[in-house]
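Biologist: Could you walk me through this one? I'd like to talk about packing and then move on to a sheet.

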Amino acid sequence: MRGRLRFGALLAVVCMVSLGAVSAVSGKPTQSSNTFIFAGASDPTYLDPALVSDGESFRITKQIFEGLVELKPGTTTVTPALARSWRVARDGKTWTFRLRTGVKFHDGTPFNARAVCANFGRWFNFTGPFQDASATYYYRQIFGGFKRNESTGLGKPLFRGCSAKGKSVAIVRLTRRSGPFIPSLVLSAFSMQSPTAMAKYGANQGELRGGTFRPTGSYAFSHPTGTGPFKFNEWTVGQRVVLDRNGSYWGAKAKVSRLIVRPISNNTARLQALQTGEVNGYDLVAPQDMPTIRGNNRLQLINRRAFNVAYVTINQSKPPMNRKIVRQAVAHGLDRASVVRSFYAGRAVVAHQFMPPSVPGYNPSVKKYGFDPERSKRLLRQAGLTLPVKIEFYWPTNVSRPYMPSPNLNFAAFKASLERSGFEVTAVSQPWRPDYVKNVNQGTGGHLNMIGWTGDYGDADNFVGTFFQSANPQFGLTRTGEHKAIALLLDKAEAEVNPKKRIALYKRISALIAEFVPAVPYAHTTPAVAVERRVRGYVASPVGSESYRGVSVGGQ
Amino acid sequence: MLRFVVRRLLLLVPILVGLSILVFVWVRALPGSPADSLLGERTTPALVKEYEERFGLDEPVYVQYWKYVQTTAHFDFGVSVASHRPVTTEIKERFPATIELALAAMILAVGLGVPLGFLAAKRHGGIFDHGSLFVSLIGISIPVFFLAILLKYLFAVRLGWLPSVGRIDVTSEVKHPTNLYVLDAILTRDWKTFVDVLKHLILPAVALGSIPLAIVARITRAAVLDVQNEDYVRTARAKGLPPATVDRRHILRNALLPISTIIGLQTGLLLSGAILTETVFAFPGMGQWLREAIFNRDYPVLQGGILFLALVFVLVNLLVDISYAIINPRIRYS
């Protein structure tokens with residue numbers, strides 16, 4: 001009997017300890033309103049912006065570093081940052097930047113023209129493993145090549161040289177005219193970093209191990225040094241990155257004294273951490289979670305302006321899609337308005353061209369193809385085809401993209417509308433990874449395929465240039481015939497440095513593309529950030545990396 | 001005993017070779033490559049080719065395997081394709097979290113499972129027995145991730161009693177020399193952090209420990225039922241020994257053998273079960289890390305991480321075998 005009592009007592013004690021622990025404590029962290037805690041989806045890769053290309057790294061580097069130019073908050077308009085102004089010489093290749101004075105890096109060293117040239121020179125002179133795409137993806141994309149290319153895949157470098165004229169004027173010389181040069185400098189990859197700190201902490205030490213680049217110095221992990229509103233404090237992998245307010249910041253200082261970014265990979269876990277107050281905000285809100293957030297009076301959604309495009313590719317290498325009249329029939333046969341209305345929860349607009357309205361060069365008056373099944377059938381008959389016209393339509397499974405949250409629903413609606421419009425659709429579904437994207441991009445998918453794109457920076461070249469400037473198997477384009485005319489115009493627009501002329505060129509290009517119908521754009525979506533209602537001053541950037549300088553966390 | 005341990009350690013060599021082949025083949029049997037996963041919409045045939053060359057994926061499989069064995073033999077598991085960090089560094093940082101979680105779950109499972117099973121056996125056929133059977137059946141039947149989601153929703157989101165994510169209050173400034181947070185808090189006598197770390201452990205440990213708890217309770221019940229009808233127990237009682245002494249010295253001690261086996265096996269399984277639990281609670285251990293590696297086709301992480309966990313599993317079972325001899329001196333290994 002005594003034994004039973006002992007076990008009973010033991011059991012009771014264990015239960016009481018558990019319950020006592022549960023009831024005695026609150027799950028909420030002891031958070032000061034001077035700290036802003038934000039949840040991203042993963043850790044940064046590392047914190048040397050020149051050597052990363054992922055959004056989670058840029059989320060941190062955007063706070064520590066600044067570029068010569070930046071985007072006006074919430075827009076894709078390029079505004080001055082560390083450069084007060086800039087102008088291009090008549091040759092279109094020499095850019096003069098007038099810099100802010102009195103700016104210091106976090107290590108106390110001055111930001112000046114020599115530091116600018118040191119940064120441009122660093123990128124240009126990268127050798128060995130630093131030339132790998134896993135290290136310098138964006139430099140390779142924008143600047144094409146290095147001083148001494150070590151791979152045949154690299155092209156002629158855009159950068160020629162940089163010289164300092166006094167402390168506050170930096171002159172950057174390019175090898176050719178480049179319209180996207182200034183807009184692309186808003187990328188965090190082209191931020192200004194302290195040459196002294198980079199030398200001291202081995203920023204230029206790195207290796208390719210097992211095919212992957214990694215820095216071997218400590219700079220990128222524990223000494224990132226910029227001019228931004230926050231200074232690096234600490235990074236515990238898997239748990240948090242801690243940044244502190246830069247008290248010597250040249251502009252309006254950050255409103256919170258501490259910023260903590262924590263990685264939470266699971267969508268629901270991020271939402272629940274916000275609901276419990278363990279974070280003040282999070283990014284990459286899943287569409288299905290938005291009603292929950294809207295229904296909670298402690299929380300709010302902050303929209304990013306649309307900066308993506310969902311589209312249905314038409315592969316011209318697969319007859320009869322090589323005929324424009326058939327492609328136009330496809331455009332009239334896709335009920336885009338219904339799809340956007342039904343499956344995007346009011347967070348998208350119908351797309352009529354391959355760039356969102358926020359990008360300079362957007363043309364509101366391109367040819368629009370409304371849903372018109374009868375017209376579609378008429379066009380197919382005009383093409384001499386017997387109805388129904390048999391086509392393969394590929395759609396992805398196991399994926400939800402910002403521009404395509406429910407591919408299955410989109411596809412089902414498109415299939416139904418095409419079948420009303422004279423087509424007989426054979427559905428082919430494949431998992432997004434690994435088969436689908438590969439097949440679509442290599443042109444081995446169907447006649448039609450659903451895919452999309454999210455931009456990197458606010459320039460039309462990053463959208464239409466990416467898709468249509470070169471031969472592209474995704475659309476079966478070979479830079480011949482009508483495509484060649486568009487591609488040549490894109491070459492011209494890329495080389496144009498006058499913003500007004502560039503915008504005019506891209507508007508013309510968008511109109512030509514709409515006539516050519518290489519694909520059918522159907523949605524620009526508005527992603528959102530979720531924050532507590534007491535969070536003020538959060539302005540979401542269309543390109544995904546915003547500064548938290550103006551963010552404050554109010555009282556409960 | 002020493003010979004037994006040495007022999008078991010030598011047996012590890014063929015086991016590890018077999019494991020390395022299995023892991024290598026399994027990872028490569030996954031559809032897709034790191035290039036497809038990393039590049040997404042930005043995939044182009046040229047970039048895929050460049051990536052495959054860099055990762056050596058264009059080489060014959062046997063060459064890839066040989067390179068893998070050579071580096072692994074030097075405890076170099078390579079560099080993560082996604083995070084660009086050495087796999088061994090990531091294991092060092094993340095394994096303590098998983099160990100802590102698995103131990104907490106096992107302490108819960110044993111701490112509750114053994115007394116529950118014992119009481120159920122002692123009250124065989126009664127309400128407590130049927131109740132514990134019913135509860136343990138539920139414990140075994142509910143998937144870990146489902147229970148984790150339920151617990152989290154109730155105790156973190158609805159009631160706000162416990163944190164929903166992480167290992168520690170994210171604003172905490174405490175340093176962690178061993179990366180075992182509970183141990184660090186005890187060593188530094190930082191009781192505030194100790195409580196905070198326990199708060200973060202409770203829900204994941206309950207979710208992860210539910211299945212082992214049910215199994216331990218049922219095995220204990222069955223073992224105690226077996227042992228308490230043995231002649232030596234009857235003899236002990238007949239000698240007039242106090243019931244508690246009979247329970248402790250004669251019943252429990254003899255019932256411990258199957259329980260220790262199951263504890264060993266379950267500890268290994270907890271490490272794999274942690275994948276879902278860690279994901280739900282954003283607990284920064286190896287489980288969450290491996291899950292992301294599967295999605296990213298991060299070959300070095302998958303190969304290194306799985307091989308490491310398999311090694312831990314084998315070592316835990318070796319320890320269980322050794323513990324047999326300690327628990328039950330009648331067992332002699334030849």
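Predicted model: local features only at pLDDT ≥ 70, side-chain atom pairs only at ≥ 80, totals over all residues.

Biologist: Fine. Which residues does Leu101(B) touch, then?

Modeller: Leaving aside residues up to four places away in sequence, Leu101(B) touches Leu201(B), Pro204(B), Ala205(B) and Leu208(B), and also Ala274(B), Phe283(B) and Gly285(B).

Biologist: And which residues have the most contacts inside the largest nonpolar core?

Modeller: Those are Leu101(B), Ala105(B), Ala205(B) and Val216(B), in a core that has 169 residues. Helix α5 of chain B, residues 87-122, contributes the largest share of this core, with 19 residues. There is also a second, separate core of 64 residues, which includes Val359(A), Val464(A), Ala514(A) and Phe516(A).

Biologist: Switching to the sheet: in what order do the four strands of chain A come?

Modeller: The order is β4-β5-β7-β6, in an open sheet with antiparallel pairing. The edge strands, each pairing on one side only, are β4 (83-88) and β6 (159-165) of chain A, and the twist from one strand to the next averages 20°.

Biologist: How many bridges join β6(A) to β7 of chain A?

Modeller: Six bridges join β6(A) to β7 (residues 169-174) of chain A, and the two strands run antiparallel; Ser163(A), for instance, has Ile171(A) in β7(A) as its bridge partner.

Biologist: What lies across β5, β6 and β7 of chain A?

Modeller: That is helix α3 of chain A, residues 113-124, which runs at about 165° to β6(A).

How values were computed: Residues numbered from 1 in each chain as written. Chains lettered and ligands numbered in written order. Pairing = 2+ DSSP bridges. Axes fitted to C-alpha atoms, helices over the stretch in contact; angles between N-to-C directions. Contact = placed C-beta atoms within 7 Å. Core = buried A, V, L, I, M, F, W, Y, C linked by C-beta atoms within 7 Å. Buried ≥ 20, exposed ≤ 12 C-beta atoms within 10 Å, placed from the backbone.
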